[in-house]
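Please look over the protein below.

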Amino acid sequence: MMGHPYTALHTFHLAVRFQSLKCTADHLHLTESAVSHQIKRLETQLGFTLFYKSGRQLKVTPEGKRLSSELSASFDHIDQVLSDPANTPINAITIYCLPSLIEFWLLPRLLKFKEIHPNSELVINYHSSSPDYLDEHSLRIGSHEKDDHSPYIRSRILSGETIPVCSPIYMKPHQLFSSKDLLEADLLHDHTGHSWKDWFALQGFTLNKPTQLLYEDFHLLKMATVAAQGIALCPEALIKNDLKDGKLIALSTQRGNIGRYYALERNKYADASINTLIKHLI
């Protein structure tokens, strides 16, 4: 990589992140033309195209995506170090976790971890407050689709595939004997808004109803389902106790959100304490 200038590679890295030459130029205090010239020179050196335009959107080519995935963690790490001139060491481990996994999965494991490592300092935050860059002392626990790409190292912990469920209270006044019957039911949606459409499509049905009830996180979605607000596609791994206790009833064995999973994410430069925690958690 000696023949490839650091500046141009860093500019490319930022352009991928911002998906805009103008935003990249503003961030670097350059003109948009200067950024464009850097990218073009880099493309000439590499021998392949990094970006293409789709309407007004800046898109990354497959070759550009591969290069970006190799560069992103390293450049994020460099930016983090340079942003802290004192380079003050941080001893605490910061965990960013989905609300639905905190009580059910994380806290019981952390109690045991603290018994073994009583001097460890842990900071628990919601996943939504997670920064773009995970430093060496941070761990993120979230949901991912099967084709997701990330510059971070992932360790899978649970399947995120879903099944349709409802409360016994909701089921009583409704005729729910087949998948087709569900088309007319009150459908509760997760943050993507596409899960139900995909679920019906797997069975040859088309869902034309607009999305009316959308919940940001599974924690809210499950609360609404238990409260008999409608039918939801819930991760089976997270509702086993609710099914066993009769709070929720499974309406079909057909799974949705195929390939979705929950995982731990960490920087490849993660501190040894992060790796020790991960080994305990999984």
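The points below go from the whole chain to single residues.

This is a predicted model. The protein chain has 282 residues, and 43% of them count as buried. Six salt bridges are counted, and there are four aromatic pairs.

**The chain as a whole**

- The protein chain has 11 helices and 12 strands.
- Its C-alpha atoms fill a box of roughly 70 × 55 × 25 Å, taken along the principal axes.
- Take the contacts in the protein chain with a separation of 6 or more: residues 24 or more positions apart account for 73% of them.

- Glu-265 and Arg-140 form a salt bridge, at 2.9 Å from N to O.
- Shared partners join Arg-140, Arg-154 and Glu-265 into one network of salt bridges.
- Glu-265 is buried because its relative accessibility is 3%, under the 20% cut-off.
- Arg-140 is buried too, at 11% relative accessible area.
- Arg-154 is partly exposed, at 24%.

- The side chains of Arg-260 and Glu-145 meet in a salt bridge, at 2.9 Å from N to O.
- Arg-260 sits in the loop between strand 11 (249-250) and strand 12, while Glu-145 sits in the loop between strand 5 and strand 6.
- The two residues are 115 residues apart, and their pair links distant parts of the chain.
- Arg-260 is buried, with a relative accessible area of 7%.
- Glu-145 is partly exposed, with a relative accessible area of 30%.

**Asp-148, in a loop**

- Asp-148 is found in the loop between strand 5 (138-144) and strand 6.
- What does the side chain of Asp-148 reach? It reaches the backbone nitrogen of Glu-145, at 2.9 Å.
- Asp-148 counts as partly exposed, at 33% relative accessibility.
- Asp-148 and Ser-129 are 19 residues apart in sequence, and their C-alpha atoms are 20 Å apart in space.

**Glu-161, buried without a salt bridge**

- Glu-161 lies in the loop between strand 6 (153-159) and strand 7 (162-166).
- Glu-161 is buried, yet it has no salt bridge.
- A polar atom of the Glu-161 side chain does lie 2.9 Å from the backbone nitrogen of Gly-259.
- Leaving out residues up to four places away in sequence, Glu-161 touches Cys-234, Pro-235, Glu-236, Arg-255, Gly-256, Asn-257, Ile-258, Gly-259 and Arg-260.
- Arg-260 in that list is also the salt-bridge partner of Glu-145.

**Rings**

- A general point comes before the ring pairs: two aromatic rings are described by the distance of their centres and the angle of their planes.
- The structure holds four aromatic pairs.
- The rings of Trp-196 and Trp-199 have centres 5.3 Å apart and planes at 85 degrees, so this pair is edge-to-face.
- Trp-196 and Trp-199 are three residues apart in helix 8 (residues 195-201), so about one helical turn separates them.
- Are these two residues buried or exposed? Trp-196 is buried, with a relative accessible area of 1%, and Trp-199 is buried, with 0%.
- Ring pairs link Trp-196, Trp-199 and Phe-200 into a cluster.
- Elsewhere, a charged residue meets a ring: Arg-156 lies over the face of Tyr-261, at 3.6 Å from the ring centre.

Methods: Residues are numbered from 1 along each chain as its sequence is written. This is a predicted model: local features need pLDDT of at least 70, side-chain atom pairs count only at pLDDT 80 or more; totals for chains, interfaces and linings use all residues. Side-chain values use heavy atoms; hydrogens and water are left out. Rings of Phe, Tyr and Trp (its six-membered ring) pair if their centres lie within 6.5 Å; planes under 30 degrees apart count as stacked, over 60 as edge-to-face and the rest as tilted. Helices (H or I, at least four residues) and strands (E, at least two) are DSSP runs, numbered from the N terminus. Buried means under 20% relative accessible area, exposed over 50%, partly exposed in between (1.4 Å probe, protein chains only). A charge sits over a ring if NZ of Lys or CZ of Arg is within 6 Å of the ring centre and within 35 degrees of the ring normal. Lys and Arg count as positive and Asp and Glu as negative; His and the chain ends are not counted. A salt bridge is a side-chain nitrogen of Lys or Arg within 4 Å of a carboxyl oxygen of Asp or Glu. A polar contact is a pair of N or O atoms within 3.5 Å; within protein, one must be able to donate a hydrogen and the other to accept it, and residues adjacent in sequence count only if both atoms are side-chain atoms. Contact means heavy atoms within 4.5 Å.
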